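Here are some notes to read alongside the model, written for someone meeting it for the first time. Take them in order, with the viewer open.

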Amino acid sequence: MIKLFILLIGATKQLGTALYNVYLSDKITNVRGAGMKYVAGNRQLACPCCGHDDFDKDYRQLNSRGATFLGLDWANKNATILICNNCTNISWFMEEPEELD
Ligand SMILES: [Zn+2]
């Protein structure tokens, strides 16, 4: 009985995460293709792989197993990721980079 209860809680949590990811991918769809330039740490960002400066913005949850291992799951935080429009390299940011006008 307890095992069933635990299983149910696990399934509910997974469903919640799945729904949240659908919500995020909805947001992402709206952002995708915008192709913006960004600033972080007072510098305009360039891709570390190819030097391109045009990115698509996306978000990822940090409370994964890896985040738990690193002790980052306390805040249920999201990271901002920028995907290079040229080579698709992904850069991660704890604070959302500013869009350059
Ligand atoms: Zn690149």
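1. Let us begin with the contacts. Among contacts in the protein between residues at least 6 apart in sequence, 52% join residues at least 24 apart; two residues are in contact if their C-beta atoms, placed from the backbone, lie within 7 Å. Please keep in mind that this is a predicted model, in which local features need pLDDT of at least 70, side-chain atom pairs count only at pLDDT 80 or more, and totals for chains, interfaces and linings use all residues. Residues are numbered from 1 along each chain as its sequence is written.

2. A word on confidence. The average pLDDT of the protein is 77, and 58% of the residues score at least 70; pLDDT is the predictor's confidence in each residue, from 0 to 100. Over residues 28-32 the score stays under 50, and the model has five contacts beyond four places in sequence for them. Where pLDDT is low, the predicted coordinates should not be read in detail.

3. Now the overall layout. The protein has two helices and six strands, and from the N terminus on its elements run α-β-β-β-α-β-β-β. Helices (H or I, at least four residues) and strands (E, at least two) are DSSP runs, numbered from the N terminus.

4. How are strands S3, S4 and S5 arranged? They form an open sheet in the order S3-S4-S5, with antiparallel pairing. Strand S3 (55-61) and strand S5 (90-93) are at the edges with a single partner strand each, so one side of each is left without a neighbour in the sheet. From one strand to the next, the twist averages 30 degrees, where axes are lines fitted to C-alpha atoms, for helices over the stretch in contact, and angles run from 0 to 180 degrees between N-to-C directions.

5. The pairings in this sheet can be followed one by one. S3 is joined to strand S4 (residues 78-84) by seven bridges, and the two run antiparallel. S4 and S5 are also antiparallel, over four bridges. Two strands pair if DSSP finds at least two bridges between them.

6. Arg60 stands opposite Ala79, and Ala79 touches Arg60, Leu62, Trp92, Phe93 and Met94, leaving aside residues up to four places away in sequence. Is Ala79 buried, exposed or partly exposed? Ala79 is partly exposed, because 16 other C-beta atoms lie within 10 Å; a residue is buried if 20 or more other C-beta atoms lie within 10 Å of its own, exposed if 12 or fewer, and partly exposed in between, with C-beta atoms placed from the backbone. Ala79 and Glu96 are 17 residues apart in sequence, with a C-alpha to C-alpha distance of 7.6 Å.

7. Next, look at the loop between S4 and S5, where Thr88 is placed. The hairpin of these strands has five residues between them. Thr88 has a positive phi near 70 degrees, although this residue is not a glycine. Thr88 counts as exposed because 11 other C-beta atoms lie within 10 Å.

8. There is also an open sheet of three strands in the order S2-S1-S6, with antiparallel pairing. Strand S2 (43-44) and strand S6 (98-99) stand at its edges, each with a single partner strand, so one side of each lacks a neighbour in the sheet. Strand S1 (residues 38-40) is joined to S2 by two bridges, and Ala40 stands opposite Arg43 in S2. In the loop between S1 and S2 you will find Asn42, a residue other than glycine with a positive phi of about 65 degrees. Asn42 is exposed, because 6 other C-beta atoms lie within 10 Å.

9. Which residues make up the largest nonpolar core? They are Tyr38, Leu45, Cys47, Phe55, Leu82 and Cys84. A nonpolar core is a set of buried Ala, Val, Leu, Ile, Met, Phe, Trp, Tyr and Cys residues joined through C-beta atoms within 7 Å. Leu82 touches Tyr38, Leu45, Phe55, Lys57, Ser91 and Pro97, not counting residues up to four places away in sequence, and Ser91 is the bridge partner of Leu82 in S5. Of the 101 residues of the protein, 8% count as buried.

10. Finally, Pro48 lies in the loop between S2 and S3. With 10 C-beta neighbours inside 10 Å, Pro48 is exposed. Pro48 touches Asn89 and Ser91, residues up to four places away in sequence being left out. The C-alpha atoms of Pro48 and Asn89 are 8.1 Å apart, although 41 residues separate them along the chain.
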